[in-house]
Amino acid sequence: MKAIFISYNQAYYTELVELLEKNECRGYTMWNEIMGRGGVDGEPHEGSHAWPTMNNAILAVVPDEKVDGILEGVKAKDEASPELGMRAFVWNIERCC
């Protein structure tokens, strides 16, 4: 099992949920309106007058074989609109109940 954490501009919500459904990922946890800034060249997303956009984040625990399809979809969306700064990170899940 793997955990995939995806941070994304809130404008991507519908597309991201559709991507998870397409990859048969039913369960996830979402955080709305989080702030952040990309580590390379991303603009801040702080919900302020100067930086009005906000991010959301999703954490999904999936079988190993679903990771590649989800990451490929995230990468394609990020490459299509790099200014929106979508990122995904994968961790091993040792145990769950």
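A residue counts as buried when its relative accessible area is under 20%, as exposed when the value is over 50%, and as partly exposed in between, with a 1.4 Å probe and protein chains only. By that criterion, 32% of the 97 residues of the protein chain are buried.

Colleagues, the model before you is predicted: local features need pLDDT of at least 70, side-chain atom pairs count only at pLDDT 80 or more, and totals for chains, interfaces and linings use all residues. Residues are numbered from 1 along each chain as its sequence is written, and side-chain values use heavy atoms, with hydrogens and water left out.

Let me begin with the overall fold. The protein chain contains two helices and four strands; here helices (H or I, at least four residues) and strands (E, at least two) are DSSP runs, numbered from the N terminus. Along the sequence, their order is β-α-β-β-α-β. The protein chain has a radius of gyration of 14 Å, close to the 13 Å that the globule rule gives for 97 residues, so it is as compact as a globular protein of that length. That radius is taken over C-alpha atoms, and the rule is 2.2 Å times the number of residues to the power 0.38. Along the principal axes, the C-alpha atoms fill a box of roughly 40 × 30 × 25 Å.

Contacts come next, meaning heavy atoms within 4.5 Å. Of those between residues at least 6 apart in sequence, 69% join residues at least 24 apart.

I turn now to strand β1. Strand β1, residues 2-9, is mostly covered, with six of its eight residues buried. Which strands pair with β1? Two strands pair if DSSP finds at least two bridges between them. Strand β3, residues 55-62, runs antiparallel to β1 and is joined to it by eight bridges; in this pairing, Tyr8 stands opposite Asn56. Strand β4, residues 87-92, is also antiparallel to β1, through six bridges, and Trp91 in β4 is the bridge partner of Ala3.

Finally, I would draw your attention to Gly85, in the loop between α2 (64-80) and β4. Is Gly85 buried, partly exposed or exposed? Its relative accessibility is 28%, so Gly85 counts as partly exposed. Leaving aside residues up to four places away in sequence, Gly85 touches Ser7 and Asp78. Gly85 and Tyr8 are 77 residues apart along the chain, yet their C-alpha atoms are separated by 6.4 Å.
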